[in-house]
Amino acid sequence: MPTVDGTQQSTAVTTVPSVLTAAVANAKLVVTFSRPVTGSGGNKNFTPGTAQSFIWAYGSTNPGTSASGAVAIHDEKGTFSQDFFTTSNAASGIVQWCNSGNIMCVAGIPDKATSPSSITMVMWSTSTAVQWMGVGIGAGMSDADVVIGWKSTAGATLISDRTAKGQSMPTVDASQQATAVAAVPAAAASLVAGAKLVVVYSRAITPTGSNKAFTPGTSQSFIWAYGSVNPGASASGTVQLHDQRGTFSRDFFTAPTSNNNGGSADSSGAIINLDTKTAWYIHGALLTAAWTLFPFAGIFIARYLKDALGVWWYRLHLGFMLIGTTVLSVAGILLIVLTTPPPHFDLSGWNPHRPLGLALGIDAILQSVLGFVCNAMWSPERKSIPWWDRLHWWNGRILWLAAMANVYFGLALAGASMPLIIAFFVFVGVSFAALIAGQFIFGQVHHMKKDDDYGNPGAYSMNTKMDIGQPMGSNTYNRRYDDEPSYGGGNGGYGNSNVGYTTPNSGKMYYNDNGGGGGYQNGGYSNGGGGGYGQYNSQSRY
């Protein structure tokens with residue numbers, strides 16, 4: 001909430017200036033104030049003759065009876081650029097709109113003042129980086145009748161009438177209602193002076209087919225966007241992701257009473273104001289890492305490296321899969337939800353990236369929970385792999401494969417370059433090759449008890465599991481070994497030890513906490529010193 005200034009520069013005015021009486025005739029709330037052009041006490045100055053930036057907001061909770069009352073969070077906000085000291089172009093009868101910074105502007109010129117049948121729309125940009133512009137009738141991308149325009153490399157104006165049905169590239173309409181106009185109307189010539197890109201088109205007020213109609217005399221909602229990648233030489237070309245977009249409301253058929261340049265809510269419907277391209281890039285980086293690098297590392301370690309890493313295999317697997325994959329997935333999904341307007345998970349269009357991404361995020365959380373369940377239910381006495389472990393394996397494998405596909409869908413949706421897509425598939429190929437190589441080099445390691453060659457229970461797979469939170473180096477975890485016994489003689493093991501040892505003539509590694517001497521000798525058990533297997537802590541897990 002903005003803080004109250006120590007020096008109050010603005011003064012309430014009880015009556016509306018006569019020049020604005022008609023403009024506010026139907027308003028539900030009118031607030032008028034005056035203030036010096038040159039502020040004092042830290043207040044900013046107006047700059048007569050120069051357009052300057054402003055922010056705006058409104059809210060639905062009354063701050064109360066005190067001018068220092070608490071102002072609740074706004075319902076909507078935005079920015080605009082305006083010079084309030086220069087005579088407006090209202091007399092021209094042209095209604096226009098520009099986004100913050102005047103990067104993109106739109107003006108409408110009806111074919112006649114009364115009962116118009118068509119309207120000429122002029123779009124222009126002051127930036128050399130802008131390669132295409134679009135404006136559409138509708139409150140959002142979920143349902144809008146859009147016209148996109150750009151210049152071909154030969155300088156021809158290309159106009160494409162499309163339909164937006166969600167957060168994906170608008171599809172080309174079967175019935176094209178918009179027609180390119182080669183020359184800028186004389187009435188708009190002064191408006192576009194100095195513009196780097198100008199696109200003009202004409203369309204009927206009441207079109208045919210599924211196209212939306214203008215509503216003369218009534219303000220209606222529009223969406224707008226511009227991008228920096230030229231769609232090419234065809235009106236049905238691929239329109240890459242916009243650099244900026246937003247919404248505005250206008251009645252292009254009623255002569256304005258003031259210069260209505262500005263007034264854009266650049267992120268209408270979004271919770272956090274972040275430009276779309278930046279949000280998509282961050283989302284892509286987070287989710288690509290979450291579903292390519294981390295799952296590969298986690299799966300490879302869990303399948304092949306238990307012996308080599310000891311207790312650290314589980315710690316690394318947990319870190320890669322829980323933090324690397326699950327947490328980054330949730331963060332990446334929330335970023336898009338908070339920074340882009342809805343709908344976020346629509347099923348329109350060919351690209352299933354959004355709904356599949358949501359499903360993967362939910363399943364990743366369930367997979368993490370299942371991993372903890374498998375750890376909690378592990379027993380050193382088991383002789384086979386239980387179904388919940390196998391479910392964890394296969395759900396993880398399916399998740400990873402589906403996520404790989406969804407990363408590709410995301411790259412396609414964002415219009416990624418071909419080298420980037422190729423690099424992704426190279427990584428996928430290398431990952432699968434490494435997993436196949438691991439099977440031959442290391443082999444898969446399981447956690448289960450088995451009988452030895454003499455039918456005696458107690459030989460364990462050579463993996464290490466430990467209780468999470470238990471200190472390393474303590475006796476609260478057990479090592480489990482899978483070495484086959486030798487048939488030679490000699491002493492088998494040493495007593496009073498928490499971890500078994502192997503003598504040169506034995507080769508058998510086992511627990512022997514209480515026994516002394518003994519072990520396998522001459523093909524059987526010796527009778528010396530207690531011998532055989534000692535106590536085993538059956539309560540230990542990871």
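This is a predicted model: local features need pLDDT of at least 70, side-chain atom pairs count only at pLDDT 80 or more; totals for chains, interfaces and linings use all residues.
## The whole protein

The protein has 542 residues, and 42% of them count as buried. Its secondary structure consists of six helices and 21 strands.

The accessible surface comes to about 27,200 Å². Carbon and sulfur atoms account for 61% of that surface.

## A sheet of six strands

Six strands form an open sheet with antiparallel pairing. Read across the sheet, the order is β11-β10-β9-β8-β14-β15. Which strands stand at the edges? They are β11 (171-172) and β15 (244-250). Each has a single partner strand, so one side of each is left without a neighbour in the sheet.

Now look at one pair inside this order. Strand β8 covers residues 132-137 and runs antiparallel to β9. Six bridges join the two strands. In one of these pairings, Gly136 has Val146 in β9 as its bridge partner.

## Asp145, a residue of β9

Strand β9 spans residues 144-151, and Asp145 lies in it. Is Asp145 buried or exposed? Its relative accessible area is 5%, so Asp145 is buried, because buried means under 20%.

The side chain of Asp145 has a polar partner. A polar contact of 3.2 Å links it to the side chain of Arg203. Arg203 is also among the residues in contact with Asp145 once neighbours within four places in sequence are set aside. That list includes Val135, Gly136 and Ile137. It also includes Asp161, Arg162 and Asp173. Asn211 and Lys212 complete it.

## A nonpolar patch on the surface

Next, the outside of the protein. Val330, Leu334, Ile365, Val369, Val373 and Met377 form a nonpolar patch on the surface. Together they have about 460 Å² of accessible area.

Where do the patch residues come from? The most come from α4, which gives three residues.

Leu334 is one member of the patch, and it lies in helix α3. Its relative accessible area is 45%, so Leu334 is partly exposed.

Methods. Residues are numbered from 1 along each chain as its sequence is written. Side-chain values use heavy atoms; hydrogens and water are left out. Helices (H or I, at least four residues) and strands (E, at least two) are DSSP runs, numbered from the N terminus. Buried means under 20% relative accessible area, exposed over 50%, partly exposed in between (1.4 Å probe, protein chains only). A polar contact is a pair of N or O atoms within 3.5 Å; within protein, one must be able to donate a hydrogen and the other to accept it, and residues adjacent in sequence count only if both atoms are side-chain atoms. Contact means heavy atoms within 4.5 Å. Patches are made of residues with over 30% relative accessible area and no salt bridge: like charges are joined within 9 Å, nonpolar side chains (Val, Leu, Ile, Met, Phe, Trp, Tyr) within 5 Å. Accessible areas come from the Shrake-Rupley method with a 1.4 Å probe; for residues, only the protein chains shown count as cover. A salt bridge is a side-chain nitrogen of Lys or Arg within 4 Å of a carboxyl oxygen of Asp or Glu. Two strands pair if DSSP finds at least two bridges between them.
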